[in-house]
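Please go through a few of them with me, one at a time.

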Amino acid sequence: MKTIRPADAPVIIAGGGPVGMSLAIDLALRGVPSIVLERRTKGRPFLLRTNMTNVRSMEHFRRWGIAEELRKNDPVPDEIQRDVSFVTRLNGHLILNLPRTYEWSEPLPFASEVAEWAPNEGIEKTLWSRVDELALIDYRFENEVQTFRQDDAGVSVEVTDKDGASLILRGDYLVLSDGSRGNLRRVLNVRHEGRTLAMSLSWHFRSEQLKDVWTAGPVVSMAYIYNEDRGSDLITPQGPDTWQYFAGPTPEGVDGNDWEQVKELIIKAVGQEIDLEPLSGGAFAENSLLAPRLDHGRVLLAGDAAHMVSPQGGFGMNSGIGDAADLGWKLAALVDGWGGPSLIPSYSIDRREAVRFIQQGSEANHALGAIELVQAGIEKDGPGGDEVREAVRKDILERKLVQFKRMGGQLGYRYTMSPIIVRDGTEQSPPTFADYVPSAAPGNRAPHLWLADGTSLYDHLGPGFTLLDFDGVDSTNLLERARSRGIPVDVFRPDEVDQAKMRDLYERKAALVRSDHHVVWRGDELPADVDSLLDIVTGHASWGAL
């Protein structure tokens with residue numbers, strides 16, 4: 001009989017970027033050790049296109065204890081206004097300024113957090129710091145996964161370490177979060193499905209002079225360049241004297257990997273010669289792609305290894321953070337012994353539904369740019385040019401600003417096809433990408449409320465399931481059966497002053513909510529057979545058994 005080697009860790013994570021680190025943090029806070037294998041050297045962040053940690057991701061960051069740290073770690077100087085501007089060139093004419101587009105000083109009533117505009121350098125610094133604090137995370141820089149092999153008991157992972165030596169690690173589960181260009185999903189013969197929206201380019205560069213020649217309105221977080229070159233240029237600050245230039249689609253005849261050609265595009269966007277030092281960048285495909293499934297036995301895909309989203313809307317990394325939040329509790333439940341066999345398949349079902357909804361909204365955002373909105377004479381000085389710019393400004397307000405309305409995409413995705421929720425027959429209108437409409441129907445993100453004592457409802461959710469009791473529901477049997485099965489279930493009864501609001505919001509007397517904030521059941525009383533309810537929500541039985 002073949003002897004199976006014990007696992008080095010319950011979960012091995014291939015790829016230690018924001019998604020891999022988020023998953024490791026979520027697992028560690030649930031008491032589950034992991035090994036994270038990252039091929040980069042320590043302290044070297046990716047200079048990615050990521051700038052926005054959206055509302056939903058910040059709600060998870062709040063759970064993980066890092067939301068405020070991210071705000072402190074934003075490397076962009078305070079004097080840069082968190083606005084969006086449309087300009088002809090940075091030293092040209094201001095067409096439109098949208099003040100405080102990326103600044104949130106007041107809490108949202110329907111969310112526990114606000115978004116944070118901070119480049120990937122700040123995001124990874126925040127995550128690395130949290131990883132260092134958690135002893136259950138074994139984060140290994142300069143370690144690259146070469147291949148893997150799974151069997152009924154676990155996964156064997158072949159790794160090249162920082163000294164060039166080969167070693168085999170053993171885990172119960174392997175999560176591939178090695179990014180869009182990672183090769184590991186090919187071991188599973190996974191091929192993404194979808195389409196390429198455009199071939200684009202993105203470069204990070206250093207310039208001390210850029211902010212001084214920027215005279216078309218204030219220096220802001222995001223500047224769209226609209227002129228008769230009819231490119232789709234974008235410039236964003238990344239830190240003191242560091243910037244990002246984006247063009248999509250790439251202008252005809254330009255090689256996005258050739259810095260000298262890109263340098264000329266930047267000079268045109270600025271409107272004059274300035275000092276420019278390349279840091280990193282190149283051509284890339286704006287893809288809208290999704291793997292046919294994200295679960296392959298004991299190997300799972302997350303982040304860009306699982307799906308790619310158009311950058312128009314800022315959902316790339318944030319979709320991966322959502323993967324980590326969904327997968328974390330499910331893997332922990334399996335490792336701890338109370339999760340059932342439907343949890344792993346539910347990861348594919350749930351996250352594919354959510355990501356496809358986000359992709360469709362982002363694809364729509366991608367469809368309108370400078371090519372469609374620029375008019376002849378937009379750069380002219382004097383009244384004639386002013387008249388053209390005013391027409392373009394009105395066009396932007398009427399047609400372009402929908403790109404900045406995406407709260408539905410952040411908070412309104414649903415797990416309606418999930419096998420681990422108990423449907424209650426509620427007929428729901430399709431979710432919209434632009435606007436968020438709270439719903440407590442099972443599968444939805446639990447509607448949020450700031451309580452009378454100033455705390456967030458989400459701060460009262462436990463690490464497993466929490467029964468929200470708004471009207472004295474008898475939970476004795478549920479708690480006894482959960483305890484006997486090792487399933488973590490808590491009860492939260494809001495103060496009387498909040499109960500009426502909660503009943504109105506949830507339209508029932510009680511709801512069962514997961515730690516990732518999704519409703520799995522609601523009703524006016526718990527079912528007589530609470531074991532069947534627990535079977536469904538923990539992946540031991542599909543809906544219909546209740």
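Predicted model: local features only at pLDDT ≥ 70, side-chain atom pairs only at ≥ 80, totals over all residues.

The questions and answers below set values from this model against the definitions.

Q: Why is N54 called buried?

A: Buried means under 20% relative accessible area, exposed means over 50%, and partly exposed is in between (1.4 Å probe, protein chains only). N54 has a relative accessible area of 5%, so it is buried. Its place is in the loop between β3 (52–53) and α2 (55–63); helices (H or I, at least four residues) and strands (E, at least two) are DSSP runs, numbered from the N terminus.

Q: What does N54 touch, not counting residues up to four places away in sequence?

A: Contact means heavy atoms within 4.5 Å. By that rule N54 touches A115, F315, N318 and Q410.

Q: Why is R100 called partly exposed?

A: R100 has 43% relative accessibility, so it counts as partly exposed. This residue sits in the loop between β5 (94–98) and β6 (116–117). Its phi is positive, about 55°, although R100 is not a glycine.

Q: Why is E507 called exposed?

A: The relative accessibility of E507 is 53%, so E507 counts as exposed. E507 lies in the loop between α13 (496–506) and β21, and its phi is near 60°, a positive value in a residue other than glycine.

Q: Why is P10 called buried?

A: The relative accessible area of P10 is 15%, so P10 is buried. P10 is found in strand β1. Leaving aside neighbours within four places in sequence, P10 is in contact with V32, P33, G171, D172, Y173 and V335.

Q: What makes β1 and β2 paired strands?

A: Two strands pair if DSSP finds at least two bridges between them. Strand β1 (residues 9–14) and β2 have four bridges and pair in the parallel sense. In one of these bridges, V11 has S34 of β2 as its partner. From β1 the chain crosses through helix α1 (residues 18–29) to β2, and this β-α-β crossover is right-handed (with the strands pointing away from the viewer, the path from the first strand over the helix to the second runs clockwise). β2 is also joined to strand β7 (residues 137–141) by five bridges, and these two run parallel; there I35 stands opposite D138.

Q: Why is β2 described as largely enclosed?

A: Five of the five residues of β2 (residues 34–38) are buried, so the strand is largely enclosed by the rest of the structure. S34, V36 and E38 lie on one side and I35 and L37 on the other, so both faces are covered.

Q: Why is α14 described as largely enclosed?

A: Six of the eight residues of helix α14 (residues 530–537) are buried, so the helix is largely enclosed by the rest of the structure. The buried ones are V530, S532, L533, L534, I536 and V537. They pack against α7 (316–336), β19 (465–469), α12 (476–485), β21 (510–514) and β22 (519–523).

Q: Which residues lie nearest the centre of the largest cavity?

A: On a 1 Å grid over the protein atoms alone, a cavity is a set of points where a 1.4 Å probe fits but cannot get out, and lining residues have an atom within 4 Å of a point. The largest cavity is lined by 14 residues, of which R56, N318, G322, Q410 and Y413 lie nearest its centre. α7 gives the most to this lining, with four residues.

Technical notes:
Residues numbered from 1 in each chain as written. Heavy atoms only, no water. 1 Å grid on protein atoms, 1.4 Å probe; cavity = no way out; pocket = protein on both sides within 12 Å on 5 of 7 lines; lining within 4 Å.
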